[in-house]
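User: I've got a protein model open and I'd like to talk through a few of its residues. Can we take them one by one?

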Amino acid sequence: MSDHLALTLPLRPQETAYSFVSRLAARNSICTRESASDMGVVFGTVVDTKCAALERLAHLSGAAWANLMAWSLVRPV
């Protein structure tokens, strides 16, 4: 597993983590769930805005973790 994605995109203003993962998958020509799995993240944890998943996504993509958290919907427990 690589430390950073070879093909990435900038996070758009107000973009949710779910949308960002979907765009990254399209950029890498693979399905969204497969893309998340390849990054070592369970897709459902991105949808649920789990901190660890978004930290991993931010690290691999170069996106700002704070923006991923702020712009994504947080589901109540």
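User: Is Q14 buried or exposed?
Analyst: This is a predicted model, where local features need pLDDT of at least 70, side-chain atom pairs count only at pLDDT 80 or more, and totals for chains, interfaces and linings use all residues. Residues are numbered from 1 along each chain as its sequence is written, and side-chain values use heavy atoms, leaving out hydrogens and water. Buried means under 20% relative accessible area, exposed over 50%, and partly exposed in between (1.4 Å probe, protein chains only). Q14 has 59% relative accessibility, so the label is exposed.

User: What is the phi of Q14, roughly?
Analyst: Most residues other than glycine have a negative phi. Q14 isn't a glycine, yet its phi is positive, at about 70°.

User: Where is S29 found?
Analyst: S29 also isn't a glycine, and its phi is positive, near 55°. Helices here are DSSP runs (H or I, at least four residues), numbered from the N terminus. S29 sits in the loop between α1 and α2 (32-38).

How values were computed
Helix = DSSP H or I, 4+ residues; strand = E, 2+ residues; numbered from the N terminus.
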